[in-house]
Amino acid sequence: MSALKSRDPMNSARTQPNGGAWLWPDPQEVTAPAVRAGRPVRSGALPASGQWPSDPPAPFWPPAPEGGERAPRALRAVETPEPAALEEYDALSLPEEPIRGTFGFQANPGYSAAPAQALHAPMPGATAAALGAAQAGWADPVPAGPAPSPAFDPSPSRLAYRLNRLWLTPLVRNFLRLGLPLLVVAAFAGAWASKPENREMVTGQIAQTVEWVQNQPMFRVTGIEVEARSPEVAQGVEQLLGLSFPLSSWDLDLTELRARAESLDAVERAWLQIRSGGVLEVRIAERVPAMIWRNGEVLDLVDDEGHRVARLATRAARADLPLIAGAGAPEAISEAQALWTAAAPIQGRIRGLVRVGERRWDVVLDRNQRILLPETGALEALERVVAMSEGAQQLLSRDVTIVDMRQPVRPTLRLTAEAMTELTRNRTETRGAPRR
Amino acid sequence: MTDLYESQRAMRNLRRQAMQRGVIAVMDIGTHKVACLILKFGASDGPQEGFGVGNMAGQAAFRVIGAGTTCSRGIRFGEIAAMRETERAVRTALQNAQKMAQTRVDHAILTFSGGDIRSYGLEGNVELEADRVSENDIARVLDACDTPDIGHGREVLHAQPVNFVLDHRSGLSDPRGQAGRNLGCDMHLLSVGTDVVQNLIHCLKRCDVEVAGLAAAPYVSGRAALVEDEQELGAAAIDMGGGTTSLSIFIKGHMIYADTVKLGGDHITGDIAKVLTIPYSTAERIKTLHGGLFATGQDDRQRIEIGGNSGDWDKDRRTITRTELIGIMRPRMGEILEELRARLDIAGFDHLPSQQVVLTGGGSQVPGLLEMAARVLGTQVRLGRPIRVPGLPQAATAPGYSAIVGLCQYAAHPQDEWWDFDIPAQMFAARPLKRAMKWFRDNW
């Protein structure tokens with residue numbers, strides 16, 4: 001590198017015979033004496049006569065192997081170093097340190113601790129064309145690369161240093177990395193959303209998308225299927241739900257539909273499910289009527305909790321169920337059931353149970369007989385009456401209108417008028433008491 | 001003296017504050033390189049002291065999280081010669097270390113070898129006030145040490161109590177709580193040029209970093225390079241730097257002498273450059289790669305291309321043999337070692353029970369130095385590397401980093417200094433009253 005470069009300033013000023021291309025050896029230089037520009041040239045630096053004039057000069061280092069012919073060499077500066085020949089130079093050259101500064105004249109070695117030039121690295125600026133030309137025949141080795149940079153200073157400037165420290169401050173750093181982008185995004189989003197038409201567009205888009213998704217076929221419900229014990233109830237529930245198909249399953253509020261289905265008196269419980277195939281399945285558990293309640297002029301079926309089940313047209317339609325009457329009767333239906341069970345021996349004669357004043361029960365029998373039961377202990381009182389009527393006394397088959405058990409310690413009977421007359425007569429006859 | 005006392009106390013407070021914050025930088029501002037390490041205190045995953053692990057000398061407490069090294073600029077003989085240049089070098093090292101640590105540091109502890117370090121041995125003696133040694137007595141006896149005339153424009157860098165004497169019992173390291181009547185103390189005082197220190201502090205201030213402590217390079221490199229028994233039995237640590245070669249003598253775990261020779265590796269480089277007329281950078285590289293101190297026959301055959309940038313083919317193609325290079329380096333190294341020998345003789349190193357010499361610093365890597373130093377400095381010579389501290393990069397385990405590694409230790413486990421004890425000023429105010437009470441008690 002240095003050999004060629006040292007010629008560089010000299011020869012470039014001269015006109016080249018072949019149009020600016022380099023000719024080597026220079027005829028002028030060949031004829032010139034060994035002293036040029038006042039500097040004595042060492043004889044070793046001159047080309048050997050055997051290579052003269054077509055071969056470039058062989059470097060005197062490393063020495064040629066003994067006995068071997070010196071191979072003609074290209075310029076070291078532009079050749080790729082041969083590993084064997086340059087083995088010992090590898091330690092010298094620092095390939096990771098590129099050449100800085102100008103060629104030939106190191107303008108400023110810079111401030112790096114490592115030497116600023118690598119002795120045997122190929123010229124970094126030499127392009128492939130220049131390399132090839134140089135190897136072929138001593139072309140212009142001046143690199144076509146970028147202009148050499150001024151001295152390299154690795155130290156950060158004061159401003160860069162301060163900015164770097166600022167960047168390493170956690171608060172600033174977090175703000176710049178997270179806070180500022182968020183702020184910017186929020187500002188843009190806010191500015192955009194401040195226009196009502198933008199907001200409307202967004203809500204419209206959302207609604208449209210939601211509608212589109214909800215109207216997908218997999219969400220479509222096309223029919224209803226009500227499973228109930230009686231077809232009347234099933235029909236009633238279907239009518240009550242009042243759904244018009246097809247509709248999306250997203251529009252169905254099953255909880256609300258269930259509440260609506262259960263609002264029907266005959267329905268005790270309802271289970272709703274959207275089955276595959278787009279069918280809304282409603283399973284109904286109906287109320288089982290336990291008694292008939294004569295509510296004023298109408299007959300209602302009530303279940304064993306006292307809840308109304310359905311309207312009954314005639315008593316004869318459900319002759320198997322006992323009849324209760326009076327205000328507040330359904331509320332005390334459990335007591336009525338207990339009384340009904342306890343009155344099993346006289347069930348054939350019972351026409352119904354009447355709630356009196358919403359506090360106590362009357363048992364109404366045929367033949368206008370009536371058993372008045374107390375508020376508390378009605379069951380025991382009825383059992384006593386049943387025992388009296390079933391035993392030897394045959395109480396209820398006698399001419400009694402009312403068995404008054406309202407005072408359990410003092411049961412009272414009311415006889416019919418004929419029975420009373422007969423009783424009076426009997427007493428008079430037996431005791432001789434005057435006629436009253 | 002008092003303002004120095006105050007400034008050293010202020011630095012100590014800064015150091016404590018920085019340690020509470022958890023991050024502190026240590027910087028070695030040398031002639032050849034400026035190195036910076038960033039230490040993180042508190043969170044340590046290194047070995048803990050305990051079973052099987054000996055005294056870790058406080059190393060378990062910190063971890064190196066950042067390191068930056070750059071060639072120093074504008075520094076000669078360990079002192080700032082061009083402030084702006086030095087500031088750039090410090091900025092480079094700090095920024096590299098901060099980048100590696102991903103944190104910023106606001107406090108730095110410095111070490112340097114310039115400033116013409118001089119070493120003094122002081123002693124003081126006081127009567128105890130009570131029958132046992134209290135903290136106050138320590139402060140009083142340190143205060144009673146007669147300060148020598150350290151010269152104009154100089155101030156105290158280190159003032160370390162190295163020995164306590166209690167009623168003819170010498171060699172006490174911690175006399176607090178012991179019974180006695182008379183307490184004496186030996187103190188080692190290291191003085192340094194004020195301007196050098198002020199320049200360094202100003203330079204760091206221009207880099208937005210506050211100086212939280214100062215330490216002399218021979219002291220901290222001795223702490224890093226000497227193993228514990230060498231510090232106990234007595235040894236000299238020689239830190240061969242770029243511009244200065246510093247020397248510290250340790251015994252019983254304390255430094256008792258420190259000195260610097262204003263000769264170093266840069267002078268060897270300069271010799272090579274001048275003799276061969278090559279640039280300093282090339283000379284430095286040739287010295288580093290091919291340098292040596294003992295020539296052999298093989299070295300006559302090994303040729304070194306020294307290159308050049310003159311543009312003259314002949315000049316740039318020069319080669320020298322390694323023997324020539326050794327011939328250049330050897331006399332300068334011999335001069336350095338002779339100078340060190342003279343300083344060791346002044347310090348009375350011959351009278352120490354152990355004559356161990358430990359060579360460390362970047363200059364100690366020259367091949368053959370051990371043999372050469374053994375001829376000059378005595379037979380017990382070894383090369384020292386800094387101890388291992390957690391998180392230290394592999395590149396910073398070379399001998400050239402022993403000063404900064406020692407500074408890490410110093411930051412984690414500072415030696416007690418004079419100013420670490422309260423100034424017994426309040427005692428002066430209390431003394432007349434106490435004296436009056438004593439007079440009353442004696443006369444009534």
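Colleague: Thanks! Over which residues of chain A does pLDDT stay under 50, with 110 contacts beyond four places in sequence?

Modeller: Chain A has a mean pLDDT of 74, with 64% of its residues at 70 or more. Residues 29-53 of chain A are below 50, and beyond near neighbours in sequence they have 22 contacts in the model. Where pLDDT is low, the predicted coordinates should not be read in detail. The stretch with 110 contacts beyond four places in sequence is residues 74-148 of chain A.

Colleague: Good to know. Do the buried residues of helix 9 of chain A lie on the same side or on opposite sides?

Modeller: The buried residues of helix 9 (residues 333-342) of chain A are A:Ile333, A:Ala336, A:Leu339 and A:Trp340. They cover an arc of only 115 degrees around the axis, so they lie on the same side of helix 9 of chain A.

Colleague: Which residues are exposed on the other side of helix 9 of chain A?

Modeller: The buried residues of this helix are covered by elements of chain A including strand 8 (289-295), strand 12 (350-356) and helix 10 (378-390). On the other side of helix 9 of chain A, the exposed residues are A:Ser334 and A:Thr341.

Colleague: Let's move to chain B. What share of its 444 residues is buried?

Modeller: Chain B has a mean pLDDT of 87, and 92% of its residues reach 70 or more. It contains 14 helices and 18 strands. Among its contacts between residues at least 6 apart in sequence, 71% join residues at least 24 apart. As for burial, the share is 47%.

Colleague: Are helix 5 and helix 13 of chain B roughly parallel or roughly perpendicular?

Modeller: Helix 5 (residues 217-225) and helix 13 (residues 402-412) of chain B have axes 7 Å apart, at an angle of about 85 degrees. Angles of 65 to 115 degrees count as roughly perpendicular. Helix 5 and helix 13 of chain B are therefore roughly perpendicular.

Key:
Residues are numbered from 1 along each chain as its sequence is written. Chains are lettered from A and ligands numbered from 1 in the order in which they are written. This is a predicted model: local features need pLDDT of at least 70, side-chain atom pairs count only at pLDDT 80 or more; totals for chains, interfaces and linings use all residues. pLDDT is the predictor's confidence in each residue, from 0 to 100. Axes are lines fitted to C-alpha atoms, for helices over the stretch in contact, and angles run from 0 to 180 degrees between N-to-C directions. Helices (H or I, at least four residues) and strands (E, at least two) are DSSP runs, numbered from the N terminus. Angles under 35 degrees count as roughly parallel, over 145 as roughly antiparallel, 65 to 115 as roughly perpendicular and the rest as oblique. Two residues are in contact if their C-beta atoms, placed from the backbone, lie within 7 Å. A residue is buried if 20 or more other C-beta atoms lie within 10 Å of its own, exposed if 12 or fewer, and partly exposed in between; C-beta atoms are placed from the backbone. The arc is that of the directions from the helix axis to the C-beta atoms.
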